Amino acid sequence: MSLSKSLVRQSHFLGTKIRNLRKRNHLTMEDLSARCIRLNPEYAPSVSYLSMIERGKRVPSVDMLEVIAEVFQKDPAWFLDDEPEQTDITPDKGNRGGISGMALEPSFLFSNEILQIAIPEMLSQTGITGRQFAHLLIRAHQEKNQNHFPDLERAAEEIGHKRLNLAVDDLTDVAKGLGIEIRWVSRTPQDVVDELGVSAKQLVTSFFEPPSTIYLNEILKEYPTRLKYDLAVYIGHCILHSKEGLKSVLSVGHTNSWESNEANQGSSELNSKDILQAWRDFESSFFAGALLCPKVPFRQLLDRTGYEIQVHKKAGVSPSVAMRRMTVVSPYPHWHYFDAYGQNKLKAVYRGNGIPLPWGNMRKVNDPCQHWAVFRRLSEAQERSSSQISILNVGDEPRIYCCESINMTDPAGNNRVLCAGIDLNPAIDAQGGDSRQIAEELKSSCVSNGGSADIPRHIKKEFTTIAKILNINWIERGIESSARLICSRGAVCPRKPSCYQDCQNT
């Protein structure tokens, strides 16, 4: 088939390839158009026409494509659909967010109209509820932005005046200043079965009754950090949303608080109100963290204490609030955070470093890798926090992670594990090291020793340098323990011999 006849039928990836190629060469559309004009002003695309080509709204003529191809020193046929390389059609998001995207091509199959039809069907067939999907959307947005929401930070700073370690009285004064009345009620933990069939305890910690009354559970008097968090969330709702859609219930346990009062809790229906409510709840929760741990003073506190988990005591917040805020205020962007209630329940997930999930919170996983630090702490609770160096294949590249984990018991009596970690590869490369080579060497050593191995002296030296530069104490503690091979699923266990059978039977 001639090139001219191929263009219409084989141009589904053409716009995407041009856009990605342009961005990888750090060119604006104005830059590309100008370069084309210099080569051939007669067939060069204007900026507006180039925009339509990239969005799949127009197909260039053969002559125009040849001009564009000449700019990038490509054969015109390279831009057509025949066996496109994934790297050519996948958006290059750089390091922000760390999560790999997928090409929404051919664009006509990923139009808003088609997605509006296909997504509810997908949810129905996979058993994912509309609320779970809403949380997934919010998490993706959060990870893409690497937890940077300056408008929410500013709103919290205006209310809290960047004060760290606010007292309960400080927060009640703010709430009363917003016209909120506070009353106390008695509630006890209830036995619940979550959407995965897991039995656990749930405790309503507070609820709101319109127009302006908060009811706080008496049990929060024994958990002042949780009391402060609940108050901060309600303050956030009032400030950000003028009490509209104010969350009626806050709770701890296995059931997500914003799901607890909905009649169609298990529905796969994608309700726009659910998504809006979930987003407002996320904003209010983020606001609460920013109010309780304002960015600059909390970063200064972390710097003075080497990012130790126990810093939460000096900040007057729970470990979960402190660890979540670490991922926000740290100048190093490649963090992850897990809040786990059991093998099949992740209450909170953040992956600004792109780490695969050790298990899903939307479906049960029959073969989870038992060597993740968060799994080990769930099965073998410890009083103090512990650190671990892990090697995990992400795609075809081994990556080195270091995490710090801590066991907790929530006010409802459920056991939890909180885990904050970083990706060491970018830090190693930034210092002129070869992270790929180091990771491969460490992985090979672990494979040879059944899945874990002492870290060689020269690699310890590299890691110590990174720990000093990042000022994170628990990296140095992790170096003193064995490095462990982990995998995102037991079916791809890198250990020799494989522990897949053991994982499958647990």
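Rings of Phe, Tyr and Trp (its six-membered ring) count as an aromatic pair when their centres lie within 6.5 Å, with planes under 30 degrees apart called stacked, over 60 edge-to-face and the rest tilted. The model is predicted: local features need pLDDT of at least 70, side-chain atom pairs count only at pLDDT 80 or more, and totals for chains, interfaces and linings use all residues. Residues are numbered from 1 along each chain as its sequence is written, and side-chain values use heavy atoms, with hydrogens and water left out.

**View A. Ring pairs link Phe 149, Trp 279, Phe 282 and Phe 286 into a cluster.** The structure holds ten aromatic pairs. One of them, between Phe 149 and Trp 279, is edge-to-face, at 6.4 Å centre to centre and 65° between the planes. Phe 149 lies in the loop between helix H8 (130-144) and helix H9 (150-160) and Trp 279 in helix H12 (residues 272-292), so the pair ties together parts that are 130 residues apart in sequence. Helices are DSSP runs (H or I, at least four residues), as are strands (E, at least two), numbered from the N terminus.

**View B. The charged ends of Lys 17 and Lys 74 sit over the ring of Trp 78.** The distance from the ring centre is 4.9 Å for Lys 17 and 4.4 Å for Lys 74. The criterion is NZ of Lys or CZ of Arg within 6 Å of the ring centre and within 35 degrees of the ring normal.
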